[in-house]
Amino acid sequence: MFCQVMTDRERIIYRMVDTAGISEKALREMFYSFTGTCWEKSLPLSSLMYEHDIQILQDNYNRFIKKELSASRTLRDFEDTLYELIIKNASAGIRWWLTGSAALYIRGFDVRPHDIDIMTYLTEKEKIIETFGDLAVEPFHYPENWVVKGFGVIDPGYRVDVAFEPQEWVDDREPIDFGPYAEKHLESVLWKGLTVLVPLVELHLPSNTTRQRIAIVNQIRERLNRPVQ
């Protein structure tokens with residue numbers, strides 16, 4: 001077991017009990033902090049969208065983190081997970097849209113998504129919990145001072161980040177692929193016979209430019225017939 005999940009009176013805590021072979025950089029990228037005796041991260045219990053089963057969270061998370069650390073996930077795992085996700089969302093009547101690198105992938109861009117980023121609405125919370133709640137690896141919660149109004153992570157075979165509604169201010173500098181402007185200007189893409197809503201292609205430029213993903217930026221610019229830098 002890599003991680004123990006527990007609660008105290010105020011928090012739900014993820015505490016790493018085995019960090020052998022895990023770099024400090026990797027731990028910090030997973031938002032762990034060193035307390036002086038161990039690596040852990042936590043959320044206020046008051047921020048949770050629903051009462052999670054701690055044992056299920058712990059079991060799910062440890063299976064998930066093992067795959068993350070071993071880099072054993074394949075592109076086939078990604079496609080199978082996305083396909084099933086689209087089917088389940090449709091069956092449950094969940095309103096949602098796809099963003100991030102997965103949205104570029106189904107448009108035919110040469111990218112290898114690290115995860116599947118879906119955007120949904122707070123009105124869909126109960127449907128999301130009923131459909132995917134038992135797959136949670138990190139709690140569904142209401143973040144404080146963050147870019148979205150709700151967030152959770154599930155692992156139905158590949159990492160899926162579930163975000164609820166962007167904050168209005170995320171488009172303050174310029175419209176981005178998960179912001180309010182993107183939400184109001186979605187396009188339909190047909191992938192494997194299924195229809196998926198995605199942001200306008202140009203809205204992926206700011207985030208990929210900031211992250212210095214030059215190859216992806218150049219692909220987007222070529223698609224838009226803009227000069228490659």
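Colleague: In this predicted model, which residues of the largest nonpolar core touch the most other members?

Modeller: A nonpolar core is a set of buried residues joined through side-chain atoms. Here the largest such core has 64 residues, and those that touch the most other members are Tyr32, Tyr61, Leu82, Leu98, Ile106, Ile116 and Phe140. Helix α4, residues 100–106, supplies the largest share of this core, five residues.

Colleague: What does Leu82 touch, if residues up to four places away in sequence are not counted?

Modeller: With those set aside, Leu82 touches Leu98, Ile106, Ile116 and Trp191.

Colleague: Is Val160 buried or exposed?

Modeller: The cut-off for buried is under 20% relative accessible area. Val160, which is found in strand β9 (residues 160–166), has a relative accessible area of 0% and is therefore buried. Leaving aside neighbours within four places in sequence, Val160 is in contact with Thr81, Leu85, Ile116, Ile118, Gly152, Val153 and Ile154. As for Thr81, 79 residues separate it from Val160 in sequence, while their C-alpha atoms are 8.7 Å apart in space.

Colleague: How many bridges join β3 to β4?

Modeller: Two bridges join these antiparallel strands, β4 being residues 39–44. Ser33 stands opposite Glu40 in β4.

Colleague: How is a pair of packed helices to be described, and at what angle do the axes of α3 and α5 cross?

Modeller: Two packed helices are described by the angle between their axes and by the distance between those axes. For α3 (residues 75–92) and α5 (residues 125–132), the axes come within 10 Å and cross at roughly 125 degrees. Because of that angle, α3 is oblique to α5. The crossing in which α3 passes α5 is right-handed.

Colleague: Which residues meet where α3 and α5 come together?

Modeller: From α3, Leu85, Lys88, Asn89 and Ala92 take part; they meet Lys127, Thr131 and Phe132 in α5.

Technical notes
Residues are numbered from 1 along each chain as its sequence is written. This is a predicted model: local features need pLDDT of at least 70, side-chain atom pairs count only at pLDDT 80 or more; totals for chains, interfaces and linings use all residues. Side-chain values use heavy atoms; hydrogens and water are left out. A nonpolar core is a set of buried Ala, Val, Leu, Ile, Met, Phe, Trp, Tyr and Cys residues joined through side-chain atoms within 4.5 Å. Buried means under 20% relative accessible area, exposed over 50%, partly exposed in between (1.4 Å probe, protein chains only). Helices (H or I, at least four residues) and strands (E, at least two) are DSSP runs, numbered from the N terminus. Contact means heavy atoms within 4.5 Å. Two strands pair if DSSP finds at least two bridges between them. Axes are lines fitted to C-alpha atoms, for helices over the stretch in contact, and angles run from 0 to 180 degrees between N-to-C directions. Angles under 35 degrees count as roughly parallel, over 145 as roughly antiparallel, 65 to 115 as roughly perpendicular and the rest as oblique. A crossing is left-handed if the near helix is turned anticlockwise from the far one by less than a right angle, and right-handed if clockwise.
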